[in-house]
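Please read these notes with the model open beside them. They go point by point through a few places worth looking at.

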Amino acid sequence: MSIKPEKTTIFFTGATGYVGGSVLQRILQHPEANTFDITALVRDAGKALLLETKFGVRAVIGSMEEFDKLSQLAENAHIVVQCAEADRDDVMNAILAGLKKRHEKTGDLPILIHTSGAGIIADNARGEYMSDFILSDLDSEAIERFTPPAVHRSVDILVCKADAEGYVRTYIVLPTAIFGFGKGPLYDAGISNRSPALISVFAAAAVERGRPGIIGAGKNAWSVIHVADNADLTYLLFCAALTGNSKLGHGREGYYLTENGEVTMYEYFKELGTALVERGLVMEAEPTVFTPDEYVKYFGGDAIADLFLSNIRGRGDRGRRDLGWTPKHPREDIWKEVPEVVGGVAKKAKGSA
């Protein structure tokens, strides 16, 4: 009589999000997905029901502010895939506390795959130049030179420290600027947010102010990655960690940056302006500089605006070398989403007229 193998317990955060939805879809497509016991933390009861009835994912209704719940859910899981929060130490401390309890109680060495962001390498270019510095994710010493208050960095440090203490095996995904519409069953079911938020904000601002805005001179450059390619890297990392690949870099050697080309902020905004002109939504395609008041109006203040003024240039060498990751969407594909984004903005503008 054969003994049914125990299921792999997985705790997933961010299932309803733009990035997390694409990652969860890939995990659900794993050839041994029927051996996974996946629990997702979600806020919306309706989406929780859809996850359970259509996708076989156990959904717990709650938020990332419920730290006791986070800790318990993490303690119950062999693998935690975190795609919901990259900047809150208290959230990560709650997750790590649960994983530490699991290790101490059971002897299991759990796995944490944490989605952070390449914003850690943002400089102070103020849009005035393209930096010569391009970070390779193989250069752990260079990454460690970035310290708080660099965006995301305090959480990343907590994750690496936990790995060094030996109670969890950790991996950190560093997406660059993510583009592309989310596609697939979770998006079709209305569970996950499919729209690329960044360009939608800029398009709506351009329509309101009559032409696209730019921050600084727009000479700074950002590496970019399609949402599906970022999910593919995270999925390959999940698969390798699941099999216990002892050669897979983890902890301070476990940063996996995702990118496939780069754009300057000027060409980004100019292309957006051209599409808006073609739809008759603005009169001028040439961007003008956002005023300080507009920084507050559209971005909530200087902190976010400063990020758009920076250079964020990186190379995803580790995933290509160690996981065989091959992104499929070149930087030119970023322009393919512009017409749909602009169409959505036009529809909203017409509805509010």
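1. Serine 223 touches Thr176, Ala177, Glu259, Gly261, Glu262, Ile312, Arg313 and Gly314, leaving out residues up to four places away in sequence; contact means heavy atoms within 4.5 Å. Serine 223 belongs to strand S10, residues 221–226. Helices (H or I, at least four residues) and strands (E, at least two) are DSSP runs, numbered from the N terminus. Serine 223 counts as buried because its relative accessibility is 2%; buried means under 20% relative accessible area, exposed over 50%, and partly exposed in between, with a 1.4 Å probe and protein chains only.

2. This is a predicted model, in which local features need pLDDT of at least 70 and side-chain atom pairs count only at pLDDT 80 or more, while totals for chains, interfaces and linings use all residues. Residues are numbered from 1 along each chain as its sequence is written, and side-chain values use heavy atoms, with hydrogens and water left out.

3. The largest nonpolar core has 66 residues, and Ile95 and Leu112 have the most contacts inside it. Such a core is a set of buried Ala, Val, Leu, Ile, Met, Phe, Trp, Tyr and Cys residues joined through side-chain atoms within 4.5 Å. Beyond its neighbours within four places in sequence, leucine 112 is in contact with residues including Val80, Met92, Ile95, Leu96, Leu99 and Val159. A second, separate core has 41 residues, among them Phe12, Leu24, Val42 and Leu248.

4. How do helices H8 and H10 pack, and at what angle? H8 (residues 197–209) and H10 (residues 265–278) pack at about 55°, with their axes 11 Å apart. The two helices are therefore oblique to each other. Angles under 35 degrees count as roughly parallel, over 145 as roughly antiparallel, 65 to 115 as roughly perpendicular and the rest as oblique. On the H8 side, Leu198, Ile199, Phe202, Ala203, Ala206 and Val207 meet Tyr268, Phe269, Leu272 and Leu276 of H10. The residues of this contact are ten nonpolar, no polar and no charged.

5. Some backbone details deserve a check. The peptide bond from proline 148 to proline 149 is cis, with omega near 15°, and proline 149 is in the loop between helix H5 (140–144) and helix H6 (153–165). Histidine 152 lies in the loop between H5 and H6 and has a positive phi of about 75° although it is not a glycine. Histidine 152 counts as buried because its relative accessibility is 15%.

Terms used. Axes are lines fitted to C-alpha atoms, for helices over the stretch in contact, and angles run from 0 to 180 degrees between N-to-C directions. Ala, Val, Leu, Ile, Met, Phe, Trp, Tyr, Cys and Pro count as nonpolar, Asp, Glu, Lys and Arg as charged, and the others, Gly among them, as polar.
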